[in-house]
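The paragraphs below lead through a structure, one region at a time. Please keep the sequence and the 3D view open while reading.

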Amino acid sequence: MIDKIYLVENAIFDIVLVAVILLSLRLIRRENRSMAAVFFAFGGVSWLLSGIYWMAYTFIGTGERMPFAANEFGEAAGFLLYGSALYSIAKKDRPFWREDFLLPLLIMAGYMALWIGWSGEWLEDILTGAVFGYYLCRCCRALREEKALSRAEQTGLGALTILIPALEGLIFFVPEKAAAVLDTVCYLMMSVILVCFLLLNIRELRRRGQAGRRMALAFSLFAWAGSCMYMSAGIWYNLFYFFAAVSTVLMLGAVQEEVRNP
Amino acid sequence: MIFAENILVCISVPLLLSMVFLPRNARRFVGAFVLGMTVCLLAAYIGGFISLISGMGRVKTSVYVSPVIEEIMKFLPVLLYLFAFVPSDGQILPVSVGIGAGFATFENCCYILTSGAGNFGYILIRGMAVGVMHIVSMLAMALGLVIARRFKVLSPAAVLGALSLSMMFHGLYNLLVSAPGMPATIGYLLPLAGAAMLYIPYRHMKPGAEAAGVTGTEVPAEK
């Protein structure tokens, strides 16, 4: 049942991506200032190809777990190219702050340890972790540079994002009943952060805020939706996948704004 | 068993000789074409080696591992050319296309020698699909590099992103054509769809800007 939901969601996400890519390509063709749009369009193509690959494997494959395959590289390309889209709006003369990579590094280390603990797929998890870490760094830098979050929001969201992998790690060591409770708490915390990011995006939209800030928030929402997806299973995965599709639309809006009114 | 090295020598020698009599631009393309064929042979060696040590078998290797190896092997000469010779945008794209075309040609030659060329329809489809696929994946990669360099965002992330995108494209093609029926048909159409999609950014970037005296390194950054 959940697999079928995922298949439908994947198809919907792919349709959203096709629309997003076409609109980005139109943006590239019409506007002169289109660097972010170029990277965004190529990133969208990577995600689309990865989604199609997964669907094709599901229909063609033998039902066994997909081996380390090209779609991992598609997802990696998606993160790298979205990260490059953020880099294209970054202030190049400003050096990286320590905070830009400290928090993502900490979170990524936690995630990678958890992924390896869950699946045992070292190569796959280290590759994805490294690339995803880069994307998180870019998001953190963009959030700070664009002053997209207040001090309180930064502290609250930062603390929660660190707490989640720590709690998930605890699950390995506690009895089954406590593990189930912890698991639910983690999912709820993930959802809270996701909703927070969504509300921040909506607030910025209503304010008609700066394009860069909108981009930072929308790309961060996607990053968090991706993190949640990689840490979840079953119906939760489906829920977070839906948020990823929503964030893609918000990202397109932000990129359009950045290209038209930088 | 075919003797791929001998085939490579047989095809390369006349091409290499012809380079002496060709103008500079054509010589560059022919050189890239021969390089593409050589890279194809090296990729086959590495693929065979990985197939042996991983125990994945020929089919699984060709579906899951080959796209990664082949794209990395095609990418390395372009990367070397980009950083060692600092060519203009108008020079990178023909070299990339040459490597892709050489790769596809050699792969097709070996396929024909292994499986025969009796079925003209299939050979035509394969020629168009594999030929276009290798060219499209190389063009996507080169276009990514050109765009990144032109806007001074040629970071490792952009380079690896372009490489991963071409791997993904190649991997999807291999997966689809590995299954008979509808998936294979979609697979054969995929390169053409990719070529159509690349057309807009290709036109937008105007890689022929070199003709107007503008090179990739001279174009000012947008931001």
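Predicted model: local features only at pLDDT ≥ 70, side-chain atom pairs only at ≥ 80, totals over all residues.

A:I116 is buried, because its relative accessible area is 15%; buried means under 20% relative accessible area, exposed over 50%, and partly exposed in between (1.4 Å probe, protein chains only). This residue belongs to helix α4 (residues 98-119) of chain A. Helices (H or I, at least four residues) and strands (E, at least two) are DSSP runs, numbered from the N terminus. With neighbours within four places in sequence left aside, A:I116 is in contact with A:W122, A:D125 and A:I126, where contact means heavy atoms within 4.5 Å.

Residues are numbered from 1 along each chain as its sequence is written, chains are lettered from A and ligands numbered from 1 in the order in which they are written, and side-chain values use heavy atoms, with hydrogens and water left out.

The next topic is charge pairing. Side chains of opposite charge can pair when their charged atoms come close. Here a salt bridge is a side-chain nitrogen of Lys or Arg within 4 Å of a carboxyl oxygen of Asp or Glu. Over all chains, the structure holds eight salt bridges. One of them joins the side chains of A:E153 and A:R203, at 3.0 Å from N to O. A:E153 lies in helix α6 (residues 151-170) of chain A and A:R203 in helix α7 (residues 176-207) of chain A, so this pair ties together parts that are 50 residues apart in sequence. A:R203 counts as partly exposed because its relative accessibility is 29%.

Another salt bridge pairs A:R213 with A:E204, at 3.9 Å from N to O, and both of these residues are buried. A:R214 forms a salt bridge with A:E257, and their closest N and O atoms are 3.8 Å apart. This pair links distant parts of the chain, with A:R214 in helix α8 (residues 211-230) of chain A and A:E257 in helix α9 (residues 234-260) of chain A, 43 residues apart.

A:C137 counts as buried, at 14% relative accessibility. B:C10 is in no disulfide either, as the nearest cysteine sulfur, in B:C109, is 9.2 Å away. B:C10 counts as exposed, with 57% relative accessibility.

Turning to chain B, its secondary structure comes to seven helices and zero strands. Of the 223 residues in chain B, 51% are buried. Among contacts in this chain between residues at least 6 apart in sequence, 74% join residues at least 24 apart. Chain B exposes about 10,300 Å², with 73% of it supplied by carbon and sulfur atoms; accessible areas come from the Shrake-Rupley method with a 1.4 Å probe, and for residues only the protein chains shown count as cover.

On the surface of chain B, B:F120, B:L124, B:M128, B:L189 and B:L192 form a nonpolar patch with about 520 Å² of accessible area together. The elements that give two or more residues to this patch are α5 (120-150) and α7 (182-205) of chain B, and α5(B) gives the most, with three residues. Patches are made of residues with over 30% relative accessible area and no salt bridge: like charges are joined within 9 Å, nonpolar side chains (Val, Leu, Ile, Met, Phe, Trp, Tyr) within 5 Å. B:L189 is placed in helix α7 of chain B and counts as exposed, at 51% relative accessibility.

Last comes the interface. Chain B and chain A bury about 3,100 Å² between them, 78% of it on carbon and sulfur atoms; buried area is the accessible area (1.4 Å probe) that two parts lose on being put together, summed over both. The contact takes 31 residues from chain B and 39 residues from chain A. Across this interface of chain B and chain A, the rule finds zero salt bridges.

Technical notes
Disulfide = S-S within 2.5 Å.
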